[in-house]
Amino acid sequence: MTVHHFTVDLEEYFQVAAFEPHVARSAWGRFESRVAWQVELLLELLERHEARGTFFVLGWLAERQVELIRAIARAGHEIASHGWDHARVTNQTPAQFRASIRRSKAVLEGITGTPVLGFRAPNFSIVPGREWALDLLIEEGYRYDSSLFPVRRPGYGYPSGSSDPHWLERPAGGGGLVEIPPTTLRWWGMRLPAAGGAYFRLLPYALVQAAFRQCERRGVPGTFYIHPWELDADQPRVSCSWLTRVRHYGGLRATAPRLDRLLTEFPFTAVRDTVPSVRASAAVNAA
Ligand SMILES: [Zn+2]
């Protein structure tokens, strides 16, 4: 039986990349924090379905929500890094990126007492030309990455990437790491993002379902992703463009019932549970 990955990008509603032009990082402290009860809803849902997941947490948030991060880990879920302050890799120098992945890993490990193995870049921003970020992840002790979205989208995407979990050999990084791409739907020779975020809320559920069924036919785990604020229809509104409004606020009330259905139809676990087997199969193929 194929068990899929349930992943959460743990950030506040005002920290999303689309709001960058409207909300300065220096203003974050003035916003109402809503993440604790949003996460509580998620934890309840996961528990009801006996599902486990991976939470990619911002270091900035972890420092302010120590008890919340401990509660997530105590419930059996994996804590991984989403960087320090949601800066996109495309806006960082290698030195800034290194500082962000090093500091967030140290803070998260200090809170849970468990090694942090995984990383997901804000807005999937390891794009072609930014592969040095993968080398730095290896150097800083990360075992897997989940940032290469194998689609072509404005601002993000890694179109040449593989669709399924795979081993990425990095000559400069002195080894390699496991890559866990978010799931895409194969459709008429194209790959469509269908397994998370706004796509999960706004597209017909059947497309998401089809993407995970395709993974099962290939015998590989799919990777679903969601943000806690997507369960919060009453979050304070940030003034932004029409398109951003549709993407951020559209379908919020559908998130919880859809999640319930997804968790009923498919079994989910944390990414760390499948990393060793991806690594081992790469070693067998190389031998
Ligand atoms: Zn994010």
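The model is predicted, so local features need pLDDT of at least 70 and side-chain atom pairs count only at pLDDT 80 or more, while totals for chains, interfaces and linings use all residues. Residues are numbered from 1 along each chain as its sequence is written, and side-chain values use heavy atoms, with hydrogens and water left out.

User: What makes Glu 11, His 82 and His 86 donors of the zinc ion?

Analyst: Donors are N, O and S atoms within 2.8 Å of the metal (3.2 Å for Na, K and Ca). Glu 11 (OE), His 82 (NE2) and His 86 (NE2) lie 2.0 to 2.1 Å from the zinc ion, so they pass. Water is not among the atoms, so the site may look incomplete. Along the chain, the spacing reads E-x70-H-x3-H.

User: Why is it said that Glu 11 and His 82 tie together parts of the chain?

Analyst: Glu 11 sits in the loop between strand 1 (4–10) and helix 1, and His 82 in the loop between strand 3 (78–81) and helix 4 (94–112), so the pair links parts 71 residues apart in sequence. Helices (H or I, at least four residues) and strands (E, at least two) are DSSP runs, numbered from the N terminus.

User: How do you know whether Glu 11 is buried or exposed?

Analyst: Buried means under 20% relative accessible area, exposed over 50%, and partly exposed in between (1.4 Å probe, protein chains only). Glu 11 comes in at 1%, so buried it is. His 82 is also at 1%, so that one counts as buried too.

User: What makes a set of residues a nonpolar core?

Analyst: Buried Ala, Val, Leu, Ile, Met, Phe, Trp, Tyr and Cys residues have to be joined through side-chain atoms within 4.5 Å. The largest such core here has 66 residues, and Phe 6 and Phe 55 have the most contacts inside it. Helix 1 (residues 35–48) gives the most to this core, with six residues.
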